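Here's a quick briefing for anyone opening this structure for the first time. Have a look at the model, then read on for the main points.

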Amino acid sequence: MNKDAPVIKVSHVGRAFGSKLVLDDISLQVEKAETFGILGPSGSGKTTLVKMLTGIDETSSGEIHVLGVKMPKLAMLQQIGYMAQSDALYTELSAKENLEFFASLYGLKGEHRTRRIKAVMELVNLEEHLRKGVAQYSGGMKRRLSLAIALLHEPPLLILDEPTVGIDPVLRLSIWNELRALNKKGTTIVLTTHVMDEAEKCDRLAMIRDGKLLAVDTPDGLLQATGSASIEEAFLYYGGVRS
Amino acid sequence: MRIRAITLRILQQFIHDKRTMALMFIAPLLVLSLMSLVFNGDDYKPVIGVSGQAVKLSASLESHDAKVKEYATAELGTDAVSEGTIDALLTLNGTTPQMVLEGSNPTANRAVMMVLEKTSQELLPSSGIKIQPEISYLYGSADMKTIDRFGPIMIGVFVFFFVFLIAGVSFLRERTTGTLERLLSTPLKRWEIVLGYVCGFGIFTVFQALLISWFSIQVLGILMTGSFGYVLLMTLLLSMTALTLGTLLSAFAANELQMIQFIPLIIVPQIFLSGLFPMDTLPLWLQRVGLATPLYYGADALMNIMIRGKGWSDIALDVYVLIGFTLLFMTLNVLALRKHRKM
């Protein structure tokens with residue numbers, strides 16, 4: 001694979017559930033080591049797109065390539081760290097047991113597994129709560145644990161569905177710092193959000209509305225092209241609501 | 001006002017959940033129909049074999065509502081009793097009637113004894129046959145209690161019921177809490193999930209099978225003439241079938257309540273058709289339905305082991321059928337998971 005080839009290449013992708021078209025002719029590319037934001041209101045098709053990127057769902061038309069491989073492909077799931085919108089945790093188990101379980105699914109063993117668990121828990125600032133039952137975790141803690149699980153197997157591509165929902169501003173900042181650090185190490189990050197100020201932190205943004213791709217550019221590029229003062233205004237501009 | 005709002009909301013929820021609504025109305029009808037078929041079935045007509053001089057009693061036995069089969073020799077008749085084709089064999093040794101009962105079914109025992117009593121009373125004045133029949137039991141005994149008959153079946157029923165529900169709900173919760181989607185975003189294969197469940201619950205059910213078998217035999221004192229190992233094997237196989245069926249059906253339930261709704265549909269009919277009540281009095285089509293239920297085979301084998309003390313050759317078919325059911329349900333479950341991830 002060419003070093004400069006895009007990590008994700010989405011070409012003319014559509015997804016229909018029955019007769020309802022949820023995504024319509026989406027084309028975009030995600031470059032290596034960037035943070036790529038997918039911005040859109042709820043119900044716009046963000047999660048559907050993310051599920052197709054991770055290979056859980058299939059496209060109805062068009063193609064998706066991840067790291068040069070046509071999706072869906074089971075082997076590629078080892079290369080992807082995924083954090084779902086809902087905290088998919090076993091609340092009956094402790095954080096440690098959850099981490100060990102998912103680490104094993106990704107084939108991490110013994111010493112390496114213990115080291116990775118320690119590393120990711122430090123990253124999300126939960127190391128003192130490692131042995132606590134997940135049922136006792138607060139909403140924000142669960143979100144961070146989900147993120148920790150997604151980072152366990154050091155995937156080159158991280159796909160995060162609404163990663164900072166329910167996390168307070170201080171912690172959100174620290175998570176963003178971590179994401180930046182991961183970028184520097186060469187990890188590509190795709191995340192969805194409907195929070196506009198968070199979108200500004202992404203390297204590049206895709207705006208989605210009603211299953212259609214409105215624009216893809218850097219936050220600054222979007223502001224200039226639309227003559228807007230904020231991402232929110234730019235989004236309204238593309239959505240056809242001009243003030 | 002608030003009460004009205006709540007009432008309205010509940011009604012609306014029912015209207016949206018057509019399945020729950022249908023179940024509330026249709027399930028009781030189904031269970032009641034089954035019960036009426038089982039309990040209003042014709043009175044049990046015992047099948048009595050006769051051989052040798054006893055053949056002359058055929059007409060009299062038949063007039064008292066027994067089905068009579070004639071055998072050329074007493075040996076052939078005894079074989080028929082042990083195979084369960086007839087409930088009892090009547091022979092005459094000189095003037096003393098000898099009756100060998102199959103014995104494992106108290107209902108059949110009672111019916112045979114009733115016919116014998118009536119026949120004796122009728123023949124007493126005329127025939128000169130000494131009416132003090134010698135009675136023996138091939139399996140079980142005259143004091144075999146109803147629980148001895150029901151025991152082996154109920155072991156099967158309880159194992160099946162609880163494993164079905166717990167496994168089903170726990171698999172369902174994977175879906176509703178989003179952990180299933182999370183699992184499917186890892187390189188885990190679909191069959192690995194299914195097999196993982198079988199192994200995880202398998203270990204759990206070994207202990208369950210041990211406990212239930214031990215408790216029934218040692219504490220409840222249910223008649224047990226066969227090998228404990230075989231009892232364990234059968235309860236374990238029933239658990240596996242229940243586990244795989246439960247996880248499979250959980251794919252068709254949206255929440256825990258809908259999982260519970262499978263009890264009257266899947267569990268209760270199986271109990272009625274498992275041999276708890278004589279199957280012979282049921283309509284033929286219903287007997288055939290019974291043959292398609294896992295519990296029937298488990299109960300059959302458990303009765304053979306515990307009441308009749310039989311060994312491998314008599315339970316082998318049941319073992320193979322239950323393994324077959326388990327493999328079928330597992331395969332279907334792997335296919336059902338395609339709904340969530342195609343690869």
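Chain A has a radius of gyration of 18 Å, which agrees with the value near 18 Å that a compact globule of 243 residues would have; the radius is taken over C-alpha atoms, and the globule rule is 2.2 Å times the number of residues to the power 0.38. This is a predicted model, where local features need pLDDT of at least 70, side-chain atom pairs count only at pLDDT 80 or more, and totals for chains, interfaces and linings use all residues. Residues are numbered from 1 along each chain as its sequence is written, chains are lettered from A and ligands numbered from 1 in the order in which they are written, and side-chain values use heavy atoms, with hydrogens and water left out.

**Chain A overall**

- Along the principal axes, the C-alpha atoms of chain A fill a box of roughly 50 × 40 × 35 Å.
- You'll find eight helices and 10 strands in chain A (DSSP runs numbered from the N terminus: helices are H or I with at least four residues, strands are E with at least two).
- Of its 243 residues, 50% count as buried (under 20% relative accessible area; exposed is over 50%, partly exposed in between, with a 1.4 Å probe and protein chains only).
- Take the contacts in chain A with a separation of 6 or more: 65% of them come from residues 24 or more positions apart (contact means heavy atoms within 4.5 Å).

**Where the chains meet**

- The contact takes 23 residues from chain A and 18 residues from chain B.
- Together the two chains bury about 1,800 Å², with 63% of it on carbon and sulfur atoms (this is the accessible area, 1.4 Å probe, that two parts lose on being put together, summed over both).
- On the chain A side, Ile56(A), Leu74(A) and Leu105(A) lose the most area to chain B, together 32% of what that side buries.
- The charged end of Arg182(B) sits over the ring of Phe102(A), 5.0 Å from its centre (the rule asks for NZ of Lys or CZ of Arg within 6 Å of the ring centre and within 35 degrees of the ring normal).

**Aromatic rings**

- Over all chains there are 14 aromatic pairs (rings of Phe, Tyr and Trp, its six-membered ring, with centres within 6.5 Å; planes under 30 degrees apart are stacked, over 60 edge-to-face, the rest tilted).
- Phe171(B) and Tyr197(B) are edge-to-face, because their planes stand at 90 degrees, with centres 4.7 Å apart.
- That pair links distant parts of the chain, with Phe171(B) in helix α6 and Tyr197(B) in helix α8 of chain B, 26 residues apart.
- Tyr197(B) also stacks with Phe201(B), at 5.9 Å centre to centre and 20 degrees between the planes; both lie in helix α8, four residues apart, about one turn of the helix.
- Phe171(B), Tyr197(B), Phe201(B) and Phe204(B) form one aromatic cluster.

- Most residues other than glycine have a negative phi, and most peptide bonds are trans.
- The peptide bond from Met71(A) to Pro72(A) is cis, with omega near -5 degrees, and Pro72(A) is in the loop between β5 and β6 of chain A.
- Glu162(A) has a positive phi near 50 degrees and is buried, with a relative accessible area of 5%.
- Asp210(A) has a positive phi of about 50 degrees too, but at 62% relative accessibility Asp210(A) counts as exposed.
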